[in-house]
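Thanks for coming, everyone. Have a look at the screen first.

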Amino acid sequence: MLNAKLAVANSSEQQTVIQLSPAVAFGGKELVIIGGPCTVESQQQMETVATMLKASPVQVLRGGVYKPRTSPYSFQGLGIEGIEILSQVRSRYKIPVVTEVMSIAQIESLAASVDMLQVGSRNMQNFDLLKALGKVKKPVLLKRGLAATIEEFVMAAEYILSYGNSQVVLCERGIRSFDNYTRNVLDLGAVAALKQITHLPVIVDPSHAVGKRELVAPLAKAAVAAGADGLIIECHPEPEKSVSDARQALSLEDMVKLVDSLRPLAAVVGRKIASGVSLWQLAGTGVC
Ligand code: PEP
Ligand code: MN
């Protein structure tokens, strides 16, 4: 593995646990389930999502306010207004929040308002962004690049770690291949390999991997069986109306059903799904 020093595990027992809030930790026995829409669209939308997920074992809310869109003419995210929505929902519902950071300039305001900063696939090798995130005291959710090798992925994590931030969670979200029936190809071999090579928590995003809502549940189950430490899944109050990634969004009802259905499977691989509502709480000191 090139010259990774900090990301690689020294023994098969070494496992880093990353605490997001008093009740939520990546890399422990309990799987961390993150749910929410691709894009933050309105306060009402995020409140509906939070209300519904609050009655489920989903422990973290997702929603993009800066969106890396293929077309410059597609909706680019609500920006500052979206940060405000995330921040309000976060404190009203006491649920930790993760959102994508696309540039160094966005780090400060996002870090002040959310619990975890996501580096999207398209930025996995934006080395200046990785270095800057290395200097932030916030957990980072690092997604694998669309065509990144496992080694490149580990080295991207190494950038953040080597600049001083030890809180990195890896996310396998599918890689490009020749078949476009599914959006990407979920690389479960990478999940198993990363669990062996590194000591960092590894989660899976079945939504972007497969791109079709009817295929999300089987991949989520496969990810748990393969040893993932958690899942990040897109869901929306009106999935077909999602402003981005509508085809892969689950309804909130299906999201809750899916997470509940993972319970017996998690038990088989020695893991647990959270029990629900009471787990929602933020770190005592608030953000930053
Ligand atoms: C997302 O999480 O909405 C996203 C854009 O993911 P990725 O970077 O994996 O495409
Ligand atoms: Mn998306």
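Let's start with α1 and α9, where α1 passes α9 in a right-handed crossing, meaning the near helix is turned clockwise from the far one by less than a right angle. Before I go on: this is a predicted model, where local features need pLDDT of at least 70, side-chain atom pairs count only at pLDDT 80 or more, and totals for chains, interfaces and linings use all residues. Residues are numbered from 1 along each chain as its sequence is written, chains are lettered from A and ligands numbered from 1 in the order in which they are written, and side-chain values use heavy atoms, with hydrogens and water left out.

Back to the pair. Helices here are DSSP runs (H or I, at least four residues), and strands are E runs of at least two, numbered from the N terminus. The axes of α1, residues 43-54, and α9, residues 252-261, come within 10 Å and cross at roughly 30°. Those axes are lines fitted to C-alpha atoms over the stretch in contact, with angles from 0 to 180 degrees between N-to-C directions. So α1 and α9 are roughly parallel, which is the word for angles under 35 degrees.

Who makes the contact, meaning heavy atoms within 4.5 Å? From α1 we have Thr 48, Val 49, Met 52 and Leu 53, and from α9 Leu 252, Glu 253, Met 255 and Val 256.

Now the core: buried Ala, Val, Leu, Ile, Met, Phe, Trp, Tyr and Cys residues joined through side-chain atoms within 4.5 Å. Buried is under 20% relative accessible area, exposed is over 50%, and partly exposed is in between, using a 1.4 Å probe and protein chains only. The largest nonpolar core has 72 residues, and Ile 33, Leu 117, Leu 142, Leu 170, Leu 231 and Met 255 touch the most other members. Helix α5, residues 150-162, gives the most to this core, with 7 residues. Apart from that one lies another core of 15 residues, including Ile 34 and Leu 141.

Last, two single residues. Leu 161 lies in α5 and is buried, at 10% relative accessible area. Beyond four places in sequence, Leu 161 touches Leu 6, Ala 7, Ser 166, Val 168 and Leu 200.

Leaving aside neighbours within four places, Val 17 contacts Ala 25, Phe 26, Gly 27 and Gly 28.

How values were computed:
Angles under 35 degrees count as roughly parallel, over 145 as roughly antiparallel, 65 to 115 as roughly perpendicular and the rest as oblique. Contact means heavy atoms within 4.5 Å.
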